[in-house]
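I set down here, in order, what I looked up in this structure. The entries are brief and keep to what was computed.

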Amino acid sequence: MVSRQLLEPVDHRLLAELQANAEITNAALAEKVGLSPSSCLRRVQRLKEDGIILRTVALVDGEKVGQGLRAMVEVMLDHHGGPQRKDFVARVRQEPAVLSAWAVTGEPDVVLILSLRDMKDYQRLCERLFTNDANVIRFRSHFVMDSYKDETALPTAG
């Protein structure tokens, strides 16, 4: 993997443009960053091969597809290593409602970001992930009432 310091300024510009619009044509992208189309294509391919560009996705409006309830859940575990944690992590990875799952420092051991249809959907998820898991000491949920900023693009200034 290439470290951030090895990226050239043009690579940072490419990343910024692609994060803003991944559907841009190679010719338009090349023009925006000041490269020839062939050079631009090679650089983008290298960014993919080096694992800097992980994947290309479409961002979907959760409200419009019936997934309007967003929540953050802090989970405290009894056993922080071994098979109990691995079992919990495996279930979290398989759960479609979990958008992100992070091991964190501080009081919670894990923070989850959820996208759900409604409270009944949330209750069923709680049964699957938390209530029936002896390794989960407790969990605390925060429901999103309003979104002030929800970005996926990373800063790319080199």
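**Entry 1**

I began with tyrosine 122, which is buried at a relative accessible area of 9%. I note that the model is a predicted one.

I then looked up the aromatic pairs and found two in the structure. In one of them, the ring centres of tyrosine 122 and phenylalanine 143 are 4.9 Å apart and the planes stand at 80°, so I recorded the pair as edge-to-face. The cut-off I needed for this step is a plane angle over 60 degrees.

Which elements hold the two residues? Tyrosine 122 belongs to helix H5 (residues 119–131) and phenylalanine 143 to strand S4 (residues 136–143), so the pair ties together parts that are 21 residues apart in sequence.

How many bridges join strand S1 and strand S3? I found seven bridges between S1 (residues 69–77) and S3 (residues 110–116), paired in the antiparallel sense. Opposite valine 73 I located leucine 112, which lies in S3.

I then returned to H5, the helix that carries tyrosine 122.

I looked up helix H1 (residues 9–20) for its length. H1 has twelve residues and spans 17 Å from first C-alpha to last, close to the expected 16 Å at 1.5 Å a residue.

Which residues of H1 are buried? I listed Val10, Asp11, His12, Leu14, Leu15 and Leu18. The buried residues of H1 pack against helix H2 (26–33) and H3.

In helix H3 (residues 37–49) I examined arginine 43. With 17% relative accessibility, arginine 43 counts as buried; the cut-off for that term is under 20%.

What does arginine 43 touch, leaving aside residues up to four places away in sequence? I recorded contacts with Glu8, Val10, Asp11, Leu14 and Leu35.

Key:
Residues are numbered from 1 along each chain as its sequence is written. This is a predicted model: local features need pLDDT of at least 70, side-chain atom pairs count only at pLDDT 80 or more; totals for chains, interfaces and linings use all residues. Side-chain values use heavy atoms; hydrogens and water are left out. Rings of Phe, Tyr and Trp (its six-membered ring) pair if their centres lie within 6.5 Å; planes under 30 degrees apart count as stacked, over 60 as edge-to-face and the rest as tilted. Helices (H or I, at least four residues) and strands (E, at least two) are DSSP runs, numbered from the N terminus. Buried means under 20% relative accessible area, exposed over 50%, partly exposed in between (1.4 Å probe, protein chains only). Contact means heavy atoms within 4.5 Å. The expected span of a helix is 1.5 Å times one less than its number of residues. Two strands pair if DSSP finds at least two bridges between them.
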